[in-house]
Amino acid sequence: MNNDGQKIIEIGETEALRRALSVFKPVATTLIGPGDDAAVISVSDSRVVITTDTMVQDHDFRLEWSSGFDIGYKAVTSNVADLVAMGAAPRALTVALVVTKETPQAWLEDFASGLQSACDRHAPECQIVGGDLASGEQIVIAIAAHGDLESRQPILRSTAEVGDLIVIAGTLGKAACGLALLSSNDETLSASYPELVSIQLRPVPDFALGLELAAVASSMLDVSDGLSLDAGRLASSSNVSMNIKKELLEGYAAILEQAAQSINSRDSEAPPVSEWDWILHGGEDHCFLATVSPTAALPRGTKVIGEVIAKGDSDVYLSGQPLSPKGWDSVTG
C-alpha cells in the first residue's frame, strides 16, 4: 500500500504503529515485545546496562539532509555505541518518537526500517521492544538502550592508569568531514565524497572490535563529541594526564586532506576548514577511545595514539602541547 500522501495524524497512532512496527524482527532474548504496556527481556547477568540519547530536529539532524531511514539508523548506532563502550552486548531498545502534524506515514515507516537495519548490521541480537508515539512542533527521538554484561565487569571512564597506552578502535574525523560537505550546500561537492557523507548520515563503527577492545581495556568511552573533548572527559574521570601523539594521527589526516582542500577551494571568503579540526574535535564517528596496559594484546584493527603520562591535573596534550577540549555540545550545539 502506498502511504506517501498520508499523514500520521490522519491515520492515527494505532494504525500508524501497526504499519511501521511490522518491520521489526523478534530475537531470542525478548520474552514479551511490542504490544503490551511494557516489554520483558532476558539477560544472562543480574546487572543491566542502560543508556539513553535524544535527537532533536534542526539541532541533531536536518530533514533536508537525512531521510527517515538515516535518522533511525543513526539513532540506534549512537545508543548501541554507548553500551559497547561499557563492555555490554546490546539486547533491547525502546524508542519514543515525537512527530509533527505534517509528518507523513511513509517517513515513519522509513524511520522504522532504519532502526531495524542498524540492529541487523550492528546488533543482530537486539530488538526494538517498544516505545511511544506523540505529536509536537518538531521531530524528537529518544531511545533507551539495554545491554547485557554477560558476566563481564563494566568498563568505566574512571579507571585509566599511568603508563597505559591510549588506543582508538574505528575512524576519526570522517563524520565531521561529511557534515562539512553537507553544510557546503554544494551537491556536486558532496557527491564527490560519498563515503564521508554516508558516515555522517549512517555511522558504521565496528562494534565487534569495540567489544574486543573492552575485554582488555582499563577504561573506555565512545567518541561521540570529539577526540579532544572525550579524551578530556576520560582524563578527568580517571584523574590522569594524557599525551596524544600527533604523528600517530597522520594516517587519519591523509584520508581527509583532499576533501578539506576541495571545500576550501570552493569559497575563498569562507573560513577555511582543516582535516585536523575534524580529527581532533569532530564527533559522530562513534569510534572507541580506550586506555590499555602496555602488556595487553591489542585486538587487530586498533591503533595506539598515545599514553597516559601522569596522575593528577587531568590534562590532555597533543605531542606535549596542551590540547584544549572542543567538540559537540548537546545543549549549545
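Contact here means heavy atoms within 4.5 Å. The model is predicted, so to speak a computed guess: local features need pLDDT of at least 70, side-chain atom pairs count only at pLDDT 80 or more, and totals for chains, interfaces and linings use all residues. Residues are numbered from 1 along each chain as its sequence is written, and side-chain values use heavy atoms, with hydrogens and water left out.**Exercise 1.** Work out how H3 and H8 pack, and which residues meet.

*Solution.* Start with the elements: helices are DSSP runs of H or I with at least four residues, strands are runs of E with at least two, and both are numbered from the N terminus. H3 covers residues 68-85 and H8 covers 207-214. Next, take the geometry: their axes sit 9 Å apart, at an angle of about 20°. That makes the pair roughly parallel. For reference, axes are lines fitted to C-alpha atoms, for helices over the stretch in contact, with angles from 0 to 180 degrees between N-to-C directions; under 35 degrees is roughly parallel, over 145 roughly antiparallel, 65 to 115 roughly perpendicular, and the rest oblique. Now list the contacts: from H3 come Thr 77, Val 80, Ala 81 and Val 84, and they meet Phe 207, Gly 210, Leu 211 and Ala 214 of H8. Finally, sort them by class: six are nonpolar, two polar and none charged. In this scheme Ala, Val, Leu, Ile, Met, Phe, Trp, Tyr, Cys and Pro are nonpolar, Asp, Glu, Lys and Arg are charged, and the others, Gly among them, are polar.

**Exercise 1.** Is H9 mostly covered or mostly open?

*Solution.* First, the cut-offs: buried is under 20% relative accessible area, exposed is over 50%, and partly exposed is in between (1.4 Å probe, protein chains only). H9 is mostly covered, with nine of its 12 residues buried. Among them are Leu 227, Asp 230, Leu 234 and Ser 238. Then step past the end: just after H9, Asn 239 has a positive phi of about 55°.

**Exercise 2.** Which residues does Thr 302 contact, beyond its neighbours within four places in sequence?

*Solution.* Thr 302 belongs to S11 (residues 302-311), and at 16% relative accessibility Thr 302 counts as buried. Its contacts are Val 167, Ile 168, Ala 169, Leu 209 and Leu 213.
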